[in-house]
Structures are given as structure tokens and as C-alpha cells.
Amino acid sequence: MKIWVDADACPKVIKEILYRVAEKRHIPLELVANKSMWVPTSPFIKTCLVGEGADVADREIVRRLQPGELVITADIPLAADVIAAGAHALNPRGEFYSEENIRERLAVRNFMDELRSSGIETGGPAALGTKDRQAFANRLDQFLARQR
């Protein structure tokens with residue numbers, strides 16, 4: 001079991017939760033990003049620096065991912081690829097993407113992209129709050145408990 005992180009856009013507080021989990025449970029954690037970042041020194045935590053460009057980190061995660069592993073991402077197209085590869089995708093707000101909900105999420109994302117490209121202001125997601133962090137930690141813990 002390995003946890004992958006789409007690290008460029010992952011909130012710092014979520015990464016900190018993941019660092020603690022990796023250390024406590026001795027689970028390999030790999031953060032994939034196109035810019036270098038600080039991570040704690042640990043035999044369980046690694047980084048993978050990829051080249052600049054759209055979706056380069058996403059493609060690297062999908063290329064190296066094994067079925068059953070977990071990816072932390074808010075990127076819906078990446079989550080769809082992760083699910084198609086037989087792995088699991090959890091967003092930083094504690095919601096698992098699944099075969100049942102990913103098509104709807106992709107449709108909404110594409111619709112919002114169309115609105116933005118036509119000049120309509122759609123705003124972004126709300127800031128990550130305490131309830132979101134707690135939901136993420138709880139869902140991660142439940143998932144890892146089922147994997148043992």
C-alpha cells in the first residue's frame with residue numbers, strides 16, 4: 001500500500017496530516033510535484049520532482065500507480081484516471097471519488113470550464129476549513145483501517 005499526493009495543489013495542512021500518518025503507520029508516501037518542496041526526513045516519505053507543464057505530475061502518478069493504492073488529489077480528471085487504473089482517489093475535503101460519482105464530477109467540471117471560457121465569473125472552491133480537515137483525516141483513517 002502506498003499513498004500518492006498530487007502535491008502542487010495539496011494544502012499544507014493536508015500534507016502535514018499525511019506526514020504524521022506515514023510515520024505512525026509506516027506507510028510509503030510519495031509527493032509528486034513540478035516544484036521542489038520541503039518534506040520531513042523519513043524513510044517513509046519521498047518526493048518526485050517532475051518537469052514543468054500541465055498535467056505532468058498527474059501523468060507521472062498514473063504511470064507509477066498500482067491497483068489498490070491511494071491518491072490524494074482535488075484534480076477530477078486525475079481522479080478519473082486513478083479510478084480507471086483500479087486505485088482510490090480521495091480529495092483534501094475528505095470525499096472519495098468513485099465509479100459512481102466521477103462522471104458527474106467531470107461533467108460539472110467541464111461545464112464550469114465552459115462558463116469560465118465564455119467570460120462568466122464562477123468563483124473557486126471555498127477555503128479549506130476545520131471540518132474539511134477533520135473529514136479528510138477521518139476518511140483517511142477509515143480507509144487505512146480497512147486495508148490492514
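**View 1. D55 sits in the loop that runs between β3 and α2.** Helices (H or I, at least four residues) and strands (E, at least two) are DSSP runs, numbered from the N terminus. This is a predicted model, in which local features need pLDDT of at least 70 and side-chain atom pairs count only at pLDDT 80 or more, while totals for chains, interfaces and linings use all residues. Residues are numbered from 1 along each chain as its sequence is written, and side-chain values use heavy atoms, with hydrogens and water left out. D55 is not a glycine, yet its phi is positive, about 65°. With a relative accessible area of 44%, D55 is partly exposed (buried means under 20% relative accessible area, exposed over 50%, partly exposed in between; 1.4 Å probe, protein chains only).

**View 2. H26 is another non-glycine residue with a positive phi, near 55°.** Look for H26 in the loop between α1 and β2. H26 counts as exposed, because its relative accessibility is 53%.

**View 3. Six strands make an open sheet in the order β3-β2-β1-β4-β5-β6, with mixed pairing.** Two strands pair if DSSP finds at least two bridges between them. The edges are β3 (45-49) and β6 (96-97), each pairing on one side only. β5 (residues 88-90) and β6 run antiparallel and are joined by two bridges; L90 has F96 as its bridge partner in β6.

**View 4. Helices α1 and α2 each lie across β1, β2, β3 and β4.** The angle is about 150° between α1 and β2, and about 165° between α2 (residues 56-64) and β1. Axes here are lines fitted to C-alpha atoms, for helices over the stretch in contact, and angles run from 0 to 180 degrees between N-to-C directions. On α2, V56, A57, D58, E60 and I61 are buried. Their cover includes β1, β2, β3, β4 and α3 (76-84).

**View 5. The largest nonpolar core has 24 residues, and I3, L18, L29, I72 and L140 have the most contacts inside it.** A nonpolar core is a set of buried Ala, Val, Leu, Ile, Met, Phe, Trp, Tyr and Cys residues joined through side-chain atoms within 4.5 Å.

**View 6. K2 is buried, at 15% relative accessible area.** K2 belongs to the segment before β1 (3-6). Its side chain makes a polar contact with the side chain of E30, at 2.8 Å (a pair of N or O atoms within 3.5 Å; within protein, one must be able to donate a hydrogen and the other to accept it, and residues adjacent in sequence count only if both atoms are side-chain atoms). Setting aside neighbours within four places in sequence, K2 is in contact with P28, E30, R64, E69 and L70, where contact means heavy atoms within 4.5 Å.

**View 7. Two aromatic pairs turn up in a search of the whole structure.** Rings of Phe, Tyr and Trp (its six-membered ring) pair if their centres lie within 6.5 Å; planes under 30 degrees apart count as stacked, over 60 as edge-to-face and the rest as tilted. Y19 and W38 are edge-to-face, because their planes are at 85°, with centres 6.5 Å apart. Y19 is buried at 9% relative accessibility, whereas W38 is exposed at 64%. F96 and F143 form a tilted pair, 5.6 Å centre to centre with 35° between the planes. That pair links strand β6 to helix α5, 47 residues apart.
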